[in-house]
Number of protein chains: 2
Amino acid sequence: MVNDSFYMNLALQEAWKYQGLTYPNPAVGALIIDKNGKILSISAHKKHGTPHAELNAAKEAYLALKNDTVLQNITNPSQIHSYLLKNHNNLFKNCKIYVTLEPCNHFGSTPPCSLLLSTLGFDEVIIGSREDNPEAIGGINRLKQNGINVRYNILKEKCDSLLYPFKQWKKDRFVFFKIAVNLNGTYDTGTISSLDSRKYVHALRDKTDLLIIGGNTVRSDRPILDSRLVGGKAPDILIYSKQKEFDKSIPLFNVKNRKVFISDNFEIIRDYNYIMIEGGDNMLEATKEITNWYLFFIAPVIKKGNSLNSPISFTPLYSTMLENDMMQWFGT
Amino acid sequence: MVNDSFYMNLALQEAWKYQGLTYPNPAVGALIIDKNGKILSISAHKKHGTPHAELNAAKEAYLALKNDTVLQNITNPSQIHSYLLKNHNNLFKNCKIYVTLEPCNHFGSTPPCSLLLSTLGFDEVIIGSREDNPEAIGGINRLKQNGINVRYNILKEKCDSLLYPFKQWKKDRFVFFKIAVNLNGTYDTGTISSLDSRKYVHALRDKTDLLIIGGNTVRSDRPILDSRLVGGKAPDILIYSKQKEFDKSIPLFNVKNRKVFISDNFEIIRDYNYIMIEGGDNMLEATKEITNWYLFFIAPVIKKGNSLNSPISFTPLYSTMLENDMMQWFGT
């Protein structure tokens, strides 16, 4: 059935591709159909400081309708916004946009999306979750005041789930556990993940404030734990360890502008909003109480090794492929 | 980008939902867009004796355009075909259809799809894989002779992969290994799969000719190995075992119209075209040489138990969710 749920699902799938990478913004997806129901664009918010989902979708839809090399080369969100306001020429008249979250209504690093959608003259805005962030609230009202049809709560539960990390780090903190395993749960078999998976992990490290890792891994792997594969920043580190002595020539200790804590508890997480844990079975067990979500990278091989063993039940949220790996977000 | 690949991918995803269930027919998906590019339907061939993908998609598209309770209630493929030929009223004029496999050109249990698409007056037929089954070949030619635009080899590799089981069982046989595991690879922890997963497995048993199972499982689980959850037939059984003595009160021995073989080799598979293997680590190791594909049902829990250990590398082909389980088809 090609209906609201179908379109919203496509927007959701697109947004999930950037889950964890939009910090401190929420992951949001958007899809535009023209007056005849043809899909013009499916897009998402990808990174703080880059266009919101609605703006990306509007740009992509505009480029699908007009061969415009000027717009194609504009990447600055405010400039895309201005360009579309000036040049839209009623192209979006009678179009509908599906967006997983109520369009923002405040001037942040971009002008408000509610203003964009109003001025472009969309016929209808179909929304998943309502905004409850006081900074951004009011989008639906502005749209309605401008005579635009608005519906919301479409696939509400799924859209809320997409939004969960954002709500957590707004409230106090979002903590996720990243683990790479083989198909039979073994994880100590050398490099497991594909290059695309490792790049995704580095992109996550670039966004997180704090990375928690076990003392044994630090001693055995001597890691640097930066985000060199994507040219990003290195998060602060909490080494979870009873033993406080470490060889300070281990690379992670020698990264500029990084704090390294060594502790046998997790009290320091109070000072952070977005936290990644990396590790194996022991860390999985030790961090159960502080972890919101789990991110599994599963390589399609069966290999002998130590297998996960610490009993947990998960709720699958989203899965995709990165080269040959399965990447799966789980809630609990 | 909303392009040929986008539409063909949606048709592919739909077709994969019925992989293994269409025997002896191929799994095929189809998607129809109207003259303006709106998606009218996404459908698939679901089961032998029911409509081909093209006919299902045409019916669904017709119902999306016209509230027709007569057609809604017709399930017989020939009758749907006739009804559409009589009543289409040029509704499909200028529509395009994407189909993962060249439309058939022979009168089987349904009239040829190439005839259907020609008469309905589609503007263009966009095809993934070309047909090389001599019974069905000629669809593209008939379409072209009727003045319809045809393109093919769109996402050819993915469409060929969807078609692989069909090609195998046409040639000699298709053998797949079905296994249910927890997220950490353990498989001897009691009931693992969700009800939807078990129903899918029963639907597969209903279609397969032969089911191979290890002697130890037969002795310990005393299974019946039928397809009662879907009200289907019970496949013949090969018990792979060095020890030939079994307690004949084990339910699998007492199913009508079923042959049961007990052997320490796989020679009997020569007499079968569509074979499922069920088992754990030992069977995985023992059947490597005869297995084409693997079907994993992965429950989202970590549980203590015996874990898979027999080294294999897979190529992921398709994954979806059945309730909370991940279902994943792998090639090798």
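## Two contacts in a predicted dimer model

Across the interface of chain A and chain B, the rule finds 0 salt bridges, a salt bridge being a side-chain nitrogen of Lys or Arg within 4 Å of a carboxyl oxygen of Asp or Glu. Before going on, note that this is a predicted model, in which local features need pLDDT of at least 70 and side-chain atom pairs count only at pLDDT 80 or more, while totals for chains, interfaces and linings use all residues. Residues are numbered from 1 along each chain as its sequence is written, chains are lettered from A in the order in which they are written, and side-chain values use heavy atoms, with hydrogens and water left out.

Let us stay with the two chains. Chain A gives 38 residues to the contact and chain B gives 38, where contact means heavy atoms within 4.5 Å. The area buried between them is about 3100 Å², with carbon and sulfur atoms giving 64% of it; buried area is the accessible area (1.4 Å probe) that two parts lose on being put together, summed over both. Between chain A and chain B there are also 10 residue pairs in polar contact, both residues at pLDDT 80 or more. A polar contact is a pair of N or O atoms within 3.5 Å; within protein, one must be able to donate a hydrogen and the other to accept it, and residues adjacent in sequence count only if both atoms are side-chain atoms.

Helices (H or I, at least four residues) and strands (E, at least two) are DSSP runs, numbered from the N terminus. Strand pairing also links the chains: β12(A) and β13(B) (residues 312–313) pair in the antiparallel sense over 2 bridges, and pairing requires that DSSP finds at least two bridges. In β13(B), Ser313(B) is the bridge partner of Val301(A).

Now turn to the inside of chain A, which is divided into domain 1 (4–169) and domain 2 (172–331), with bounds from an automatic or database domain assignment. Their C-alpha centres lie 32 Å apart, and the contact takes 14 residues from domain 1 and 15 residues from domain 2. About 1500 Å² is buried between these domains. On the domain 1 side, Trp16(A), Leu21(A) and Tyr23(A) lose the most area, together 39% of what that side buries. The two domains share 7 residue pairs in polar contact and 0 salt bridges.
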